[in-house]
Each structure stands twice: as C-alpha cells, then as structure tokens.
Amino acid sequence: MITLRKGSERGHFNHGWLDTYHTFSFDQYFDPDHMGFRELRVINEDRVAPDRGFPMHPHRDMEIITVVLEGTLAHKDSMGNGSEINPGDVQRMSAGTGVTHSEFNPSKTDPVHLLQIWILPSRTGLKPSYEQKTFPAAKRENRLQLIASPEGAEGSVTIHQDALLHSAVLDSGQKVEYELLPDRHAWVQVADGRLLVNGQPFSAGDGAAVSGEERLDFEALEDASFLLFDLA
C-alpha cells in the first residue's frame, strides 16, 4: 500500500526570512494524523532568505540529517564543528545527550533550499557526534545512492537507527527499482520534478508512506530527484 502525502497538504508557514513546509507535525504545526512514520519523525523543506538563519538552539536524542538542494548553509555547533553544506553534501548530527547548533545562509543575494530530516535514534543518551560527506550528482544519476545507514555502508554517513536513506537523480524517462525486504517499510520524498512510483504520479514536495509492497518502481516523467527511506 502506498499512502500519498501531497506536498500542498503539508503544514506551511512563511515567516518572511523562512518559507517552510512540514511533512509531519512540527513546532507550530500540529496534525494528529501526521506525527511521523515508523522512526522517521521530521521532514522539513526550508527556504532561508539571504543573510538570515536559525540562531543557536538545542536538540537532544535525535538523528538530524540535512540535505541542501540549492545554495549554501553554514553550520556551527557546541561540539566545535563549523562547516558549509552545499548541494550533494549530507550532514548528520547525532544530538544524543544534548547539543546546540546554528544554521545560517551566508549568501548576501541567494536563498538556500534544504531538507532537514529527524530520525529517532535506536537508544537515548548517546554521545553527541557529527559527520558530513559529499555525494556528487554523478553518483546519484539514474541510480539509488545510499547516503545514510547504520554501519556507514558504501561510504554513507552513519545513523544510530535501523534505517537506510537513498538519494537518486533521474533523467526524464529513466527508471530505477528497489526491493523491500519482508516486514520493511519505506517513505518516498520527492525533492524536484515529477515521477511515477508503482504507476502513481508524484510531484515535487509529495511524499508517501509505503507498507506491504515487495518492490518500488520509479520512472521519471521529467528530470526528478527524490529520497527513499527504508525503515524497520
């Protein structure tokens, strides 16, 4: 079964400096029917205005993954890390027992467009940690590239949960497929373009919960990019 979550139905707030969409309940947006899926808790699609951002704020007991789609995001945290995240980069921060961080758009002219993902960890009280890796578009072109996994397989970032996160960039007309093992579930999130998932049309911003499917077939109706979560 594939249960579509239309992008237009997500929680939406435009604060001027921040234009944000929430797939699941988050902050000021509460929807009891959309509190997360399996261990996936947050998918926020943010557009941050030039020279603006999130000041230092705390997190704990959460796996936080940031994927930049356009522009640059500057990161600083209480662990001493400072970096810039660009398209193709994947940042993982395990908040564990507690961490503070800031996220800022350093450009004076261009917005930054990103997805921020929260996944519940397999256990609480972990030591906070940080990781960032680059996955060039060529590695994701017309294929599913593993970008996050429990063991850091295939050079992916390491997350503390039984979850796999893949990224793909499909040219128009191209197809990829993915087999789900028994008792596994999936979430599909379309970042850009249009595609079919098992024959069902998806557009940018759309997501879907997947259960009871043995295989997922993706076909791009136009150039498209998407994330695929494989969840216990």
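Which residue meets K133 in a salt bridge between side chains? In this predicted model, the partner of K133 is E131, with an N to O separation of 3.7 Å. The contact is one of 12 salt bridges found in a search of the whole structure.

A further salt bridge joins R215 to E177, whose closest N and O atoms are 3.5 Å apart. R215 belongs to strand β21 (residues 215-220) and E177 to strand β16 (residues 175-179), so this pair ties together parts separated by 38 residues in sequence. Both partners lie in the intermediate range of accessibility: R215 is partly exposed at 38%, and E177 is partly exposed at 45%.

The side chains of R184 and D230 also form a salt bridge, with an N to O distance of 2.8 Å. This pair links distant parts of the chain, 46 residues apart, with R184 located in the loop between β16 and β17 (185-192) and D230 in strand β22 (residues 224-231). R184 and D230 are both buried.

Beyond these pairs, a network of salt bridges links R10, E45 and R47. In general, side chains of opposite charge can pair when their charged atoms come close.

Definitions and conventions: Residues numbered from 1 in each chain as written. Predicted model: local features only at pLDDT ≥ 70, side-chain atom pairs only at ≥ 80, totals over all residues. Heavy atoms only, no water. Salt bridge = Lys/Arg side-chain N within 4 Å of Asp/Glu carboxyl O. Helix = DSSP H or I, 4+ residues; strand = E, 2+ residues; numbered from the N terminus. Buried < 20%, exposed > 50% of the residue type's maximum accessible area, 1.4 Å probe, protein only.
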